[in-house]
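This report covers aromatic pairs, charges over rings and nonpolar cores. The sequence and structure come first.

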Amino acid sequence: MSSENNYSFISDKIHSVKNLFSSLNSEPDHYIFSVLCVKSIFFKDPSLNFNEDNFEMFVDGRCDGGADFILNDPDPNENSDLIIGQSKYYQTISQEVVKNAMLKMANFYNDMLEGHFETVNEKTAEIFQKCNAERSDDSKVKFIFCTSAQKNRINKEKIEKKFKEQLKSSDNVEILFYFGNDLKEEIIESESVSFSVETGKIKIDEKNNYLMYGDESAVIVNVSAYSIKELYAGHNINLLAQNLRYYVKNKKIDRNIRDTIKNNPNSFWYRNNGITVICDNFKIDGTEVHLTNFSMINGGQTTYLISKNENIDEHNDFFLTCKIIKASGESEEQKQNFALDIAQSANTQKPIKPDDLKANSPEQKIFYAVMKNLGIFYKLKRGTKVEKRYKEKYLNTDLSAVKKFCLSAIYQMPCSSRSKPSLMNEEKYYRPIFNNNPYQVAMIVKELLYVNFYFEKKFKIDCGDDADKKQFKNNSKTLCVAFCALASRYYQKNISDSDMQKFFDATQPSEEKLSDLYKVTKNLGDLKSLFPENLFDDKDKLDELLNKIFSLIIDCGTDKYEISKENDPSLNATNFLKKDKNYYGILKSYWNRELKEKIISIFDDFYKIS
């Protein structure tokens, strides 16, 4: 398709986005182009629920430092990567324009890391700090450049080299370019998600050339790459409906696959692990295999790259191995568990993340049912569409978010929940949450969803000209969630005065002290909820309580942070709030002289009016 047609296609989609969101009616097209880019690239999964609440990420405006949007990757399996992007709604674009835009983003990132927040407007500085605070130790910084113009002769490698030279720290940095045709593909793909493939067929190399296994329950064939390309063209990412994840870019793997297809396609059979299909039934008829109710469960990367490769057509074809397996089991649940087990074992080409492996485990299915009974949509896996009645952010969640809530609020490790959420994958943390009493935990999670929502969307605190307090507040979400839970648990006598000593001791952490604290925090006893049962009946009163609790811990925390900063001038709020011992230090310093008394007073007043 020509560059003009791509631009026209994108222009039509811009107007569609404007019609979809009334708040965009007064915004210029270049601003809406940024919205379209983010929605299409990062919110393909409909369960991620892209709506007007997300619009704070768009910082395009005066003194934005060269960043048009700033967010954390909404995919729960992407470690809350920090995304900084710039978009250009142009018909044509030059090498110089792209290079200057990228270098401007590099300077912006350098300034933010050095604390030069005065170089940008207040909103941009605040959004950057909030998103940077959400990063984990394993997360990346992704710089995204989007344009409606075609790439033509632009040399991305040269720009990327200049960009990395400009950055003062290029560790864990990834750079992604989306030109007109790239964006068109992203938009089309984002609009085509559904969740099953009922029937389809693939072509094999020779008539009846297959290796049957067992009682005709599985077969291995050599499948035509072109027939896979045709299948994907007809069904798009729905072809990967039962895969553990959809296609995720990986430069090294992608480059190797493309090079083999282009330069030595006949060796693809030897070099690639092939694909695995699971189905209710298959039938081999000459050179065709007919599939019923099927999905790729391994080889998603291969399938996607074959589908997008211009070197493959009916005259330029090659073959790769394909394993086809009938789902085993009498009930639908047994078939799903069988598919999950095969998918977990088969996916070896690319690391599988722990949340992927838990998607259909028995305890997660139970937790899903309990959460739904409480009025919360719990997304078991990516690709699940959130029903409209659950669209409010505090009415839907996923495993990744729940694990962070529990690490922060139940185990009282707010800093680890942000910087090292993988701790929740350890059995000592995971099992008490999901296997011991899911009903109790689900109720607490429901409440924490609103606590989190209140901090993100409603919480205001007067910081005046106090730069330290502003930075502390922007980095304190997990701290506030943890302290809110602690305050409620203390007020309800789930945590005692003697238990609090374990928090104070943990300011000098050792294996023994942290073990003692773990025993205290994991014991929820007969705690039914953090707040009265009529939690959502009067949100104004609940908001008032949360405001007081959050303000209390932020005031004390800022004091402690400023004292620590006197001893270490290089310290910033982000780093201070990456260590749980600093949270325990705030509690130790202010518990008896301020926190304890005010917690009791705040909750006394709240329960009287509830």
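## A buried ring pair

Phe 576 has 1% relative accessibility, so this residue counts as buried, the cut-off being under 20%. Phe 472 is at 0% relative accessibility and therefore counts as buried too. The model is a predicted one.

A search of the whole structure gives 44 aromatic pairs. One of them joins Phe 472 and Phe 576, with ring centres 6.3 Å apart and planes at 50°, which makes the pair tilted. The two partners come from distant parts of the chain, 104 residues apart: Phe 472 belongs to helix H18 (residues 467-474) and Phe 576 to helix H23 (residues 573-576).

## An aromatic cluster

Ring pairs also link residues into a cluster, whose members are Phe 21, Tyr 31, Phe 43, Phe 50, Phe 55 and Phe 58.

## Charges over rings

Two lysines are placed over aromatic rings. Lys 326 lies over the face of Phe 282, 5.4 Å from the ring centre. Lys 428 has its charged end over the ring of Tyr 518, at 4.5 Å from the centre of that ring.

## Nonpolar cores

The largest nonpolar core has 87 residues. Within this core, the residues that touch the most other members are Phe 483, Phe 531, Leu 546, Phe 550 and Leu 587. When neighbours within four places in sequence are left aside, the contacts of Phe 483 are Ile 549, Leu 552, Ile 553, Tyr 583, Leu 587, Leu 595 and Ile 599.

Another core, of 34 residues, lies apart from the largest one. Its members include Ala 225, Leu 231, Leu 240 and Phe 294.

Terms used. Residues numbered from 1 in each chain as written. Predicted model: local features only at pLDDT ≥ 70, side-chain atom pairs only at ≥ 80, totals over all residues. Heavy atoms only, no water. Phe/Tyr/Trp six-rings, centres within 6.5 Å; stacked < 30°, edge-to-face > 60°. Helix = DSSP H or I, 4+ residues; strand = E, 2+ residues; numbered from the N terminus. Buried < 20%, exposed > 50% of the residue type's maximum accessible area, 1.4 Å probe, protein only. Lys NZ or Arg CZ within 6 Å of the ring centre and 35° of its normal. Core = buried A, V, L, I, M, F, W, Y, C linked by side-chain atoms within 4.5 Å. Contact = heavy atoms within 4.5 Å.
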